[in-house]
Amino acid sequence: MSENLLYRIRSGDVQLLEEALRSWTANGNNTELVLELEDAVNLCLGLPDDLRAVWDATWRRLTAYQIDDYQKTGERLLSLFDRAVNVLTQIHQRVEKHERQGPAIRRSGELLAALERLQHMRQQFMDGWLWITPEIIQEAREEYARGEYQTVREILDELQGKNPQLRP
Amino acid sequence: MSYKVKIRSSVRRRIVAWNLPDTVFVEVLIRLEQQLGQNPAAHLVRARHPFEGMNYGFSLVDPTNRLREFAFFFHITYGQDEQTLEVINCAYHVTGL
């Protein structure tokens, strides 16, 4: 199962934030809006750790051979990262706009750091995930056919200085 | 029967870009050569969709931080000579950050 429980919970959190953004009126400056923004900020500040937990849970399933479609699973998690980055960006902007006209929102000063951390994690996920598409498989076949490879033994020898000519 | 394990250039570049600690990088290579290469049948798990090949995964505890664990996963195919294993793609993840 690629959509683990944590994924569904955090996807729901992001969806709630997306819906909240749409529900806030442009010039709302009432107490209820301030409280909602504070709740949203709190939820946003937890997103990096929350998505990290989803990522960890997905990897536990990967290494337990419980994921069938690596590409789709990766795309789903990447999409969740993208939605989280997008909603955090918009809430940051919404809070900034609100604070120009009204009272400060608690912990709003931490939003930018959370956004940067989330963007960094998203890139790490992109770089580290097990992507597999027909194009990647074809690229691999062509690369091996062109002789563009090393054996693991050659790389180990290279690291030990036995074949210095192989160093890049 | 032991197999030579081949890593294509772009996969090697990908692994290098992960900036793994030297000891972990070497241990990954040793696992590929000594564990997978020596007895692939015992360590490979068949994959179906979208990749018709084999999977190989393992985890390593960071020797400099016992709370940190590196997990690795590889897509593998048998070479046409049936004496080699070819790494198609690979992935890694660090837990305990």
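How many helices and strands does chain B have? Chain B has three helices and five strands, where helices (H or I, at least four residues) and strands (E, at least two) are DSSP runs, numbered from the N terminus.

This is a predicted model, in which local features need pLDDT of at least 70 and side-chain atom pairs count only at pLDDT 80 or more, while totals for chains, interfaces and linings use all residues. Residues are numbered from 1 along each chain as its sequence is written, and chains are lettered from A and ligands numbered from 1 in the order in which they are written.

## The two chains

Let's start with the overall build. Chain A has six helices and one strand, and from the N terminus on its elements run α-α-α-α-α-β-α. In chain B the elements run β-α-α-α-β-β-β-β from the N terminus.

The table sets the chains side by side. A residue is buried if 20 or more other C-beta atoms lie within 10 Å of its own, exposed if 12 or fewer, and partly exposed in between, with C-beta atoms placed from the backbone.

| Chain | C-alpha box along the principal axes | Buried residues |
|---|---|---|
| Chain A | roughly 70 × 35 × 25 Å | 27% of 168 residues |
| Chain B | roughly 40 × 30 × 25 Å | 33% of 97 residues |

The radius of gyration is taken over C-alpha atoms, and the globule rule is 2.2 Å times the number of residues to the power 0.38. A compact globule of 168 residues would have a radius of gyration near 15 Å, but chain A has 22 Å. For chain B, a compact globule with 97 residues would come out near 13 Å, and the chain has 14 Å, which agrees.

Two residues are in contact if their C-beta atoms, placed from the backbone, lie within 7 Å. Among contacts in chain A between residues at least 6 apart in sequence, 79% join residues at least 24 apart. In chain B, 50% of the contacts between residues at least 6 apart in sequence join residues at least 24 apart.

## Where the chains meet

The contact between the chains takes 28 residues from chain A and 32 residues from chain B. On the side of chain A that touches chain B, the elements giving two or more residues are α2 (31-63), α4 (111-128), α5 (134-145), β1 (149-151) and α6 (152-159). The residues of this side divide into 16 nonpolar, five polar and seven charged; here Ala, Val, Leu, Ile, Met, Phe, Trp, Tyr, Cys and Pro count as nonpolar, Asp, Glu, Lys and Arg as charged, and the others, Gly among them, as polar.

One of these elements, α5(A), is worth a look on your screen. The expected span of a helix is 1.5 Å times one less than its number of residues. The 12 residues of α5(A) should therefore span 16 Å, and its end C-alpha atoms are 16 Å apart, which agrees. After α5(A) comes G147(A), whose phi is positive, near 80 degrees.

## A sheet built from both chains

Two strands pair if DSSP finds at least two bridges between them. Which order do the strands of the open sheet have? The six strands are arranged β1(A)-β1(B)-β5(B)-β4(B)-β3(B)-β2(B), with mixed pairing. β1 of chain A and β2 (45-46) of chain B stand at the edges, each with a single partner strand, so one side of each is left without a neighbour in the sheet.

Across the chain boundary, β1(A) pairs with strand β1 (residues 4-8) of chain B in the antiparallel sense over three bridges. Within that region, T151(A) has K6(B) as its bridge partner in β1(B). Next along, β1(B) and β5(B) pair in the parallel sense over four bridges, and V5(B) is bridged to L85(B) in β5(B).

Strand β5 (residues 84-95) of chain B is mostly covered, with nine of its 12 residues buried. Strand β4 (residues 69-78) of chain B pairs with β5(B) in the antiparallel sense over 10 bridges, and A71(B) has H93(B) as its bridge partner in β5(B). The hairpin of β4(B) and β5(B) has five residues between the strands, and in this hairpin E82(B) takes a positive phi near 60 degrees.

Finally, M54(B) is found in strand β3 (residues 54-61) of chain B. M54(B) counts as buried because 20 other C-beta atoms lie within 10 Å. Not counting residues up to four places away in sequence, M54(B) touches L44(B), V45(B), R46(B), A47(B), I76(B) and T77(B).
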